[in-house]
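This briefing goes from overall fold to surface and charge, and then to individual ion pairs. Please keep the sequence and the model in view while reading.

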Amino acid sequence: AQALAQLARVSANEGQLSVALAWCEQAVAAAKLNPGYHYLLATILQEQGQVAEAMQSLKRALYLDQHFVLAHFALGTLTRRQGRLKESHKHLANALALLSAHAQDEILPESEGMTAGRLREIIRSTGG
């Protein structure tokens with residue numbers, strides 16, 4: 001499953017979203033309980049404009065790991081775009097609360113290098 005997810009990331013980074021989606025779906029099927037793979041699937045779906053499906057994948061990721069900071073952040077961002085401000089605020093507040101357990105320079109899992117401090121700044125700059 002890890003190799004499949006890596007193939008999905010590489011394909012997505014190269015802009016081959018349909019190929020990335022296929023690899024990621026295989027990774028999720030092989031390791032259904034891995035929240036990171038559901039998050040990766042959500043990012044690919046979001047890039048393809050499949051927002052409802054992306055939100056479902058993010059919710060699955062949070063079901064598997066309620067402390068998944070990036071999933072809260074992504075759901076907060078997506079719900080805000082839909083005008084669901086109360087739900088957006090809840091997810092962004094959860095993300096900020098979870099970030100308090102991380103050092104400023106700590107790289108967040110599944111973030112491809114983003115630090116906790118940087119995500120904190122992003123959330124605060126959006127009014128989260």
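Helices here are DSSP runs of H or I with at least four residues, and strands are runs of E with at least two, numbered from the N terminus. On that basis the protein, which is a predicted model, has 7 helices and 0 strands, in the order α-α-α-α-α-α-α from the N terminus on.

**Overall form**
- The radius of gyration of the protein is 14 Å, which agrees with the value near 14 Å that a compact globule of 128 residues would have.
- The C-alpha trace spans about 35 × 30 × 25 Å along its principal axes, and 41% of the 128 residues count as buried.
- Of the contacts between residues at least 6 apart in sequence, 46% join residues at least 24 apart.

**Surface and charge**
- The accessible surface comes to about 6,900 Å², with 54% of it belonging to carbon and sulfur atoms.
- There are 12 positive and 11 negative side chains, and the centres of the two sets lie 10 Å apart.

**Salt bridges**
- The structure holds 3 salt bridges, one of which pairs Arg9 with Glu110 at 2.9 Å between the closest N and O atoms.
- Because Arg9 lies in helix α1 and Glu110 in the loop between α6 and α7, this pair ties together parts that are 101 residues apart in sequence.
- Arg9 counts as buried at 19% relative accessibility, whereas Glu110, at 33%, counts as partly exposed.
- Glu87 forms a salt bridge with Arg84, with the closest N and O atoms 2.6 Å apart; Glu87 is partly exposed at 23% relative accessibility, as is Arg84 at 33%.
- Glu121 and Arg118 meet in a salt bridge at 3.1 Å, N to O, and are separated by about one helical turn because they are 3 residues apart in helix α7.

Terms used:
Residues are numbered from 1 along each chain as its sequence is written. This is a predicted model: local features need pLDDT of at least 70, side-chain atom pairs count only at pLDDT 80 or more; totals for chains, interfaces and linings use all residues. Side-chain values use heavy atoms; hydrogens and water are left out. The radius of gyration is taken over C-alpha atoms; the globule rule is 2.2 Å times the number of residues to the power 0.38. Buried means under 20% relative accessible area, exposed over 50%, partly exposed in between (1.4 Å probe, protein chains only). Contact means heavy atoms within 4.5 Å. Accessible areas come from the Shrake-Rupley method with a 1.4 Å probe; for residues, only the protein chains shown count as cover. Lys and Arg count as positive and Asp and Glu as negative; His and the chain ends are not counted. The place of a charge is taken as NZ of Lys, CZ of Arg, CG of Asp or CD of Glu. A salt bridge is a side-chain nitrogen of Lys or Arg within 4 Å of a carboxyl oxygen of Asp or Glu.
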